[in-house]
Amino acid sequence: MALRVCGRLLRGGAVLSRRLVGSARLENASHLLATGSAACSRGGRPGFIFTPACFITSEAFLSGLMKGKAAETDGSIHHHPASVPPDSSEQVSLLLRHPDQPPDSKVLRVAIIGAPNAGKSTLSNQLLGRKVFAVSKKVHTTRSRALGVLTETDTQIILLDTPGLTTPSKAKRHQLEKSLLLDPWTTVKEADLMVVMVDVSDRWMCSRLEFEVLKCLAQHPHIPAILVLNKVDLVKAKDRLLDITAQLTCGVVNGRRMRVRPVIKPPWAQKTPERASEISADEDAAAPEDDAELNSVLSKEKLKELRSQQGWPHFKDVFMLSSVDREDVETLKSYFLVAAKPGSWQYHSEVLTDQSPEEVCTNIIREKLLEYLPQEVPYSMTQSIELWQDGENGELDISVKLYTKKETHMRMVIGTAGQMVARIAREAAEDLSRVYLREVRLKISAKLKN
């Protein structure tokens, strides 16, 4: 069966939603879900020109997603994000409160993994509706595991935001804590679903999954995994996304072979191996390994095999999105809600994260330091909260001291006439106000560490 993708949400040939313009042929693919508005690319050359899109392999999932989209359209779903109490004792009390779940409650624990700076924390923040995880363009912004809780109607989604998978040598180079090596592996064991994020705007990194990611997937073949191609808004040639999908899935999605053949071969394709444009695999390639091997360390033979792999042939579904686009994220959120299974909630519906208010504060400040300070400077700094108290008019007064290892670093933080530290404090306070739902007055000072 050949399926010509020339626009529209397809389900066995039936038009269900808005159009997607494409210049590719998919053979033996089950469903292609796409949302957006159709338009023609410049110069008359057909090609993918917007997102989100995803390969959905199950009729039940597709039906559930469509019901969710319909509910969003008619306004029957309206969710106000939870917030973080600015008082630590109140946050602890909230975390210990008995879950207020309905009789037919459902739950899904989602581990978001990937290489550093793939956009994992950005996606988590967008799904939660509030910024509780630090985000920056520099790698290793997330320093330890934290979770976010999204509760809608009868379903609770627990997002396990992890540090990017890295190696001991890279950890040593960036002066990283041991938690960055251990936390992602520990987190995955608790998950019901793995989300593997790949930054497709990075031309050199998007052609293959990182070895650490493949190791993680191979050690937990019993946990369903989906592939999320992120930052597709930064990819100019959208038809290239199909080739990337074929490479990162080894041409297999949920045990079904897919074959991608560009109708019009773009110039860059001439420089890539022929296997990028036509990939196939056996349908039974997604068969799980023997149960006895699930808890064992991967053998040398398996590790050698993984090093030669570009992708993972056992992904259940594939999404193409931009984690900063609300509509894209809503599509993925609907998928999580459909994937949730009957089970008891872990937290009360008012819980947003398991982080303390102080941890949220230091993480947001670290984000600003990473954003505005050069190279290794922010990685060598430590923070100390000197003051945390309610003001006379209900505002929250916070005072934080930054400790630097070098005097030059301290001067960088302070900036000319104190402008840099003032900017960092102002922007961090604005972000924290939206998390605590009250005005925050933040004072930041710097001191040379003896």
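Two strands are taken to pair if DSSP finds at least two bridges between them. Helices (H or I, at least four residues) and strands (E, at least two) are DSSP runs, numbered from the N terminus. The structure is a predicted model, in which local features need pLDDT of at least 70 and side-chain atom pairs count only at pLDDT 80 or more, while totals for chains, interfaces and linings use all residues. Residues are numbered from 1 along each chain as its sequence is written, and side-chain values use heavy atoms, with hydrogens and water left out.

The chain contains twelve helices and 19 strands. Of its 450 residues, 52% are buried, buried meaning under 20% relative accessible area, with exposed over 50% and partly exposed in between (1.4 Å probe, protein chains only). Contact denotes heavy atoms within 4.5 Å. Among contacts between residues at least 6 apart in sequence, 72% join residues at least 24 apart.

Strands β17, β18 and β19 form an open sheet in that order, with mixed pairing. β17 (382–390) and β19 (440–448) are the edge strands, each with a single partner strand, so one side of each has no neighbour in the sheet. On average, neighbouring strands of this sheet are turned by 15° against each other, direction ignored. Angles between N-to-C directions run from 0 to 180 degrees, and axes are lines fitted to C-alpha atoms, for helices over the stretch in contact. Strand β18 (residues 396–404) runs parallel to β19 and is joined to it by nine bridges; V400 stands opposite I444 in β19. Helix α10 (residues 357–372) packs on the sheet and touches β17, β18 and β19, its direction making about 130° with that of β17. Helix α12 (residues 419–436) also lies across β17, β18 and β19, at about 140° to β19.

Strand β9 (residues 155–161) is mostly covered, with seven of its seven residues buried. In a regular strand the side chains alternate between the two faces of the sheet. In β9 both faces are covered: T155, I157, L159 and D161 are buried on one side, and Q156, I158 and L160 on the other. Seven bridges join β9 to strand β7 (residues 106–114), and the two run parallel; K106 has T155 of β9 as its bridge partner. Strand β8 (residues 146–152) is joined to β9 by seven bridges and runs antiparallel to it, L147 being paired with L160 in β9. A hairpin is formed by β8 and β9 with two residues between them, and T153 in the turn has a positive phi of about 50°.

Two helix pairs were examined. The axes of α6 (residues 211–219) and α8 (residues 300–307) come within 10 Å and cross at roughly 130°. The two helices are therefore oblique to each other, where angles under 35 degrees count as roughly parallel, over 145 as roughly antiparallel, 65 to 115 as roughly perpendicular and the rest as oblique. F211, L214, K215 and A218 of α6 make the contact with K302, L303, L306 and R307 of α8. By class, this contact has five nonpolar, no polar and three charged residues (nonpolar: Ala, Val, Leu, Ile, Met, Phe, Trp, Tyr, Cys and Pro; charged: Asp, Glu, Lys and Arg; polar: the others, Gly among them).

The axes of α3 (residues 120–128) and α9 (residues 326–339) come within 10 Å and cross at roughly 80°, which makes α3 roughly perpendicular to α9. L123, Q126 and L127 in α3 meet R326, V329, L332, K333 and F336 in α9. The contact of α3 with α9 has five nonpolar, one polar and two charged residues.
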